[in-house]
Amino acid sequence: MYSWDFGMLWQYRGIIVSGVITTVLFTAVVVVTGLLVGVLVGLGRVSSNRTLCGVLRGYVEVFRCTPVLVQLIWFYYALPVLLGIELSPWMAAALALTLYGGAFYSEIVRGGIVSNDAGQTEAGQAIGMTRWQVMRRLILPQAFRRMTPPLVSQSIMQLKNTSLLSVLAVPDLVYQGQLIAHDTYRPLEIYTLVAVLYFIILFPATVVAKRLELHQIKA
């Protein structure tokens, strides 16, 4: 019978807290930057410029159809070879997750925009609004209300994706857990704690996402 001993983890509390902080802060960064990329790409995808739409669609499909773990490794090892620029693990991970998240965010933005009634665009242009004014004043405010639940859900996925940062030795929660497991030879305890900490962080976010979805349905 295995003898569980969670008490020995107390001496590693500083490392564990550091890992949690790194995970949360890194998630905040890639969510914000990913949203910025997603909004810009989503707007570009609904433009009348077919060349621009084609290029942006290629970007979206590449990042949606390849595993994020492969992207992390490729950005860290291959991109410096191609560009001759040395990337730190932090920068490579942030760039990969930003572009990965941006691809998914952009599809949410594009879907929210095209779901609006075309009559609203025609009405706005009929009273003298430009295409951008129609988008900014009429389309986007309504679209973002519908986009909020899936945007929150995708942000939750971004937090889950940070668990892969350990492959680049970024000191997130999983990486710190690996260090403790190697030091103590007690992987069951530390990875159980890591799972519990992820649940504590993620569960409130999933509740918020669910409530937003129910509110959207009622609306």
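1. Contact is taken here to mean heavy atoms within 4.5 Å, and the model under discussion is a predicted one. With that in mind, the cover over the buried residues of helix H3 includes helix H2 (50–64), helix H4 (79–83), helix H5 (89–114) and helix H7 (131–161).

2. The residues of helix H3 (residues 68–77) that are buried include Val-68, Gln-71, Leu-72 and Phe-75. These residues span an arc of only 100 degrees around the axis, and therefore lie on the same side of H3. An α-helix has 3.6 residues a turn, so residues three or four places apart point the same way.

3. Within the largest nonpolar core, which has 22 residues, those that touch the most other members are Phe-26, Leu-72, Ala-93, Leu-97 and Leu-165. Two or more residues of this core are given by each of helix H1 (13–45), H2, H3 and H5, and H5 supplies the largest share, seven residues.

4. Leu-97, once its neighbours within four places in sequence are set aside, is in contact with Phe-26, Val-30, Val-68, Leu-72, Gln-158, Asn-161, Thr-162 and Leu-165. A second core, separate and made of 16 residues, has Met-8, Ile-16, Val-174 and Ala-209 among its members.

5. On the surface, Tyr-2, Trp-4, Phe-6 and Leu-188 form a nonpolar patch whose accessible area is together about 410 Å². Leu-188 belongs to helix H9 (residues 187–218); because its relative accessible area is 40%, Leu-188 counts as partly exposed.

Key: Residues are numbered from 1 along each chain as its sequence is written. This is a predicted model: local features need pLDDT of at least 70, side-chain atom pairs count only at pLDDT 80 or more; totals for chains, interfaces and linings use all residues. Side-chain values use heavy atoms; hydrogens and water are left out. Patches are made of residues with over 30% relative accessible area and no salt bridge: like charges are joined within 9 Å, nonpolar side chains (Val, Leu, Ile, Met, Phe, Trp, Tyr) within 5 Å. Accessible areas come from the Shrake-Rupley method with a 1.4 Å probe; for residues, only the protein chains shown count as cover. A salt bridge is a side-chain nitrogen of Lys or Arg within 4 Å of a carboxyl oxygen of Asp or Glu. Helices (H or I, at least four residues) and strands (E, at least two) are DSSP runs, numbered from the N terminus. Buried means under 20% relative accessible area, exposed over 50%, partly exposed in between (1.4 Å probe, protein chains only). The arc is that of the directions from the helix axis to the C-beta atoms. A nonpolar core is a set of buried Ala, Val, Leu, Ile, Met, Phe, Trp, Tyr and Cys residues joined through side-chain atoms within 4.5 Å.
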